[in-house]
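Reader: I'd like to learn how to read a model like this one. Can we go through it together?

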Amino acid sequence: MSNLLAALRLELFLARYSPAAKVTVLAPALVCLARYVLVWFNQAAEQARAGLIGADDFALAQSWNAYGHFVDGVNTGLMILALLLVAVAAHDFSSERDNGAIRHVLIRRAGRASIVLAKLLRLHLLGLLALALLGLAAWAGAALFWDFEPVVEDGFELIGEDEILHEIHLGLLMAVIPLPAVIAFGMLVSVAAQSATQAVTLALGATLAMDIFKALFGERAWYLYATFHPSLLDQSYLREVARLVRGFSDVLVPDRFFVFNTWAPVIAALALAAAAVLLALRRRL
């Protein structure tokens, strides 16, 4: 335990001055806000055009409902965060092995397992900070550009704010659960690779490959943690929440999906982290 705490203190000290750590924390929120600005300008142009030719009042009203844009912004931020976390994790151990810093830490008093676990803990703390900043930026930005209100059509409330908030909370929880597995996968690649460049390339390449091919596996993709976090080819529940909060009633998600979303990423995170530690114990540094 003392070895782990010593290694963790070192990791936290390095994180204070690391450009990669700052980018990981700030980039998802900034990308989310940039999306809001672009969407708002597009909507303003569409509204001006609709005023000239006439448009569906319901569709126009829903385009200015903040809940849908909040979910879209968080979804985009989480996609960026997942890519950043896997890249930073892949670069972390391998770069320090390349420049010899790992040997100095080992000589001091921290063991190999302690080093890997400390890096995993530090990356999880960065992820938590990024999530907190993303949530605040997404909510504040959505409130600035649009109005939070229930979905109403012809005086009938399709979905109330209590139900909207419940779905958003569930969607966010389901989207965040896979992030530890994302970090652990990047760390395993970092330990296994021959260089930092190779590690980052393999980690990002494998992540994008899983994203591309998971749609071909059907329900068997539910065993893969990458199925459940927001991505370019999104299959996460948060994508469905974006439709629900806009009043669409044709969203049907089987209960088994939530069971796999809860447990498959947790099991993957534990297995990948254990594999990273075991490989670090056997590798020549």
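Reader: Among contacts between residues at least 6 apart in sequence, what percentage join residues at least 24 apart?

Author: It's 81% here, with a contact meaning heavy atoms within 4.5 Å. Ground rules next: this is a predicted model, where local features need pLDDT of at least 70, side-chain atom pairs count only at pLDDT 80 or more, and totals for chains, interfaces and linings use all residues. Residues are numbered from 1 along each chain as its sequence is written, and side-chain values use heavy atoms, leaving out hydrogens and water.

Reader: What pattern does the chain follow along the sequence?

Author: Helices (H or I, at least four residues) and strands (E, at least two) are DSSP runs, numbered from the N terminus. The chain has 11 helices and 2 strands, in the order α-α-α-α-α-α-β-β-α-α-α-α-α.

Reader: And how many aromatic pairs are there?

Author: A ring pair is described by the distance of the centres and the angle of the planes. Rings of Phe, Tyr and Trp (its six-membered ring) pair if their centres lie within 6.5 Å; planes under 30 degrees apart are stacked, over 60 edge-to-face, and the rest tilted. That rule gives 15 aromatic pairs. Take Trp222 and Phe260: their centres are 5.8 Å apart and their planes at 55 degrees, so this pair is tilted. Trp222 sits in the loop between α9 and α10 and Phe260 in helix α11 (residues 255-282), so the pair ties together parts 38 residues apart in sequence.

Reader: Is Trp222 buried or exposed?

Author: Buried means under 20% relative accessible area, exposed over 50%, and partly exposed in between (1.4 Å probe, protein chains only). Trp222, at 9%, is buried, and Phe260 is buried too, at 17%. Then there's Phe257 with Phe258, an edge-to-face pair with 6.0 Å between centres and 90 degrees between planes. Both Phe257 and Phe258 are buried.

Reader: Which residues make the nonpolar surface patch?

Author: Leu208, Ile212, Phe213, Leu216, Phe217, Leu232 and Leu233 make a patch of about 710 Å². Patch residues have over 30% relative accessible area and no salt bridge; like charges are joined within 9 Å, nonpolar side chains (Val, Leu, Ile, Met, Phe, Trp, Tyr) within 5 Å. A salt bridge puts a side-chain nitrogen of Lys or Arg within 4 Å of a carboxyl oxygen of Asp or Glu. Areas come from the Shrake-Rupley method with a 1.4 Å probe; for residues, only the protein chains shown count as cover. Leu233 is partly exposed, at 46%, in the loop between α9 (196-213) and α10 (237-244).
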